[in-house]
Amino acid sequence: MIGSMSTDSGDTAADSLSTSLTDQGGVAVLRVVGAIDLATAPQLRAAVDAAIQAATRGLVIDLTGVDFLASAGMSVLVEAKQRLADKGFAVVADGPATARPLKLTGLDEPLALRATLAEATAAAAGA
């Protein structure tokens with residue numbers, strides 16, 4: 001495990017966000033759990049910053065534990081992709097709270113949206 005960062009932006013579970021960062025063969029995997037909205041986007045941005053620093057081959061952001069994804073969170077994902085132009089990048093999202101808004105906004109392709117962590121890790125590693 002590279003590290004772990006937990007944040008809590010409020011008193012209710014709906015307002016909380018937690019993250020953990022691991023390494024899978026040089027691909028940093030940032031797992032995110034909770035709601036990503038205007039209140040929690042700064043915590044996500046800080047976690048992404050740490051993940052980018054740790055990523056030697058690429059970065060995967062795993063949103064399978066996310067139950068709400070607002071446009072503020074999508075902006076953080078787009079910024080991360082832009083910052084990693086020379087490394088692999090993928091996002092894991094398969095549920096209605098995450099994959100649907102990314103597909104509706106047309107961000108599924110530029111963010112290399114994948115249904116599973118294994119697919120995303122392979123994509124980010126350049127496989």
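These legends describe close-up views of a predicted model.

The model is predicted, so local features need pLDDT of at least 70 and side-chain atom pairs count only at pLDDT 80 or more, while totals for chains, interfaces and linings use all residues. Residues are numbered from 1 along each chain as its sequence is written, and side-chain values use heavy atoms, with hydrogens and water left out.

**View 1. The protein chain has 4 helices and 6 strands.**
Helices (H or I, at least four residues) and strands (E, at least two) are DSSP runs, numbered from the N terminus. Along the sequence, the pattern reads β-β-β-α-β-α-β-α-β-α. The protein chain has 127 residues, and 45% of them are buried. Buried means under 20% relative accessible area, exposed means over 50%, and partly exposed lies in between (1.4 Å probe, protein chains only). Among contacts between residues at least 6 apart in sequence, 61% join residues at least 24 apart. A contact means heavy atoms within 4.5 Å. The protein chain exposes about 6000 Å², with carbon and sulfur atoms supplying 53% of it. Accessible areas come from the Shrake-Rupley method with a 1.4 Å probe; for residues, only the protein chains shown count as cover.

**View 2. Strand β2 runs antiparallel to β3.**
Two strands pair if DSSP finds at least two bridges between them. T22 stands opposite V29 in β3. The hairpin of β2 and β3 has 2 residues between the strands. In this hairpin, G25 takes a positive phi near 65°.

**View 3. Strand β3 runs parallel to β4.**
The two strands are joined by 9 bridges. V33 has G65 as its bridge partner in β4. From β3 the chain crosses through α1 to β4, and this β-α-β crossover is right-handed. Right-handed means that, with the strands pointing away from the viewer, the path from the first strand over the helix to the second runs clockwise. Of the 10 residues of β3, 8 are buried, so β3 is largely enclosed by the rest of the structure. In a regular strand, side chains alternate between the two faces of the sheet.

**View 4. R31 and D62 form a salt bridge.**
A salt bridge is a side-chain nitrogen of Lys or Arg within 4 Å of a carboxyl oxygen of Asp or Glu. The whole structure holds 3 of them. In the R31 and D62 pair, the closest N and O atoms are 3.8 Å apart. R31 lies in strand β3 (residues 27-36) and D62 in strand β4 (residues 58-69), so the pair ties together parts that are 31 residues apart in sequence. R31 is partly exposed, at 31% relative accessibility. D62 is buried, with a relative accessible area of 5%.

**View 5. E79 and R45 form a salt bridge.**
Their closest N and O atoms lie 3.1 Å apart. E79 belongs to helix α2 (residues 71-83) and R45 to helix α1 (residues 41-54), so the pair ties together parts that are 34 residues apart in sequence. E79 is partly exposed, with a relative accessible area of 34%. R45 is also partly exposed. Its relative accessible area is 30%.

**View 6. R83 and D49 form a salt bridge.**
The closest N and O atoms of this pair are 2.5 Å apart. The pair links distant parts of the chain, with R83 in helix α2 and D49 in helix α1, 34 residues apart. R83 is partly exposed, with a relative accessible area of 45%. D49 is partly exposed, with a relative accessible area of 30%.

**View 7. A112 has a positive phi.**
The value is near 50°, in a residue other than glycine. A112 lies in the loop between α3 (99-104) and β6. A112 counts as buried, at 15% relative accessibility.

**View 8. A115 touches V92, A93 and D94.**
This list does not count residues up to four places away in sequence. A115 sits in the loop between β6 (113-114) and α4 (117-124). Along the chain, A115 and D94 are 21 residues apart, yet their C-alpha atoms are separated by 4.9 Å. A115 is partly exposed, with a relative accessible area of 35%.
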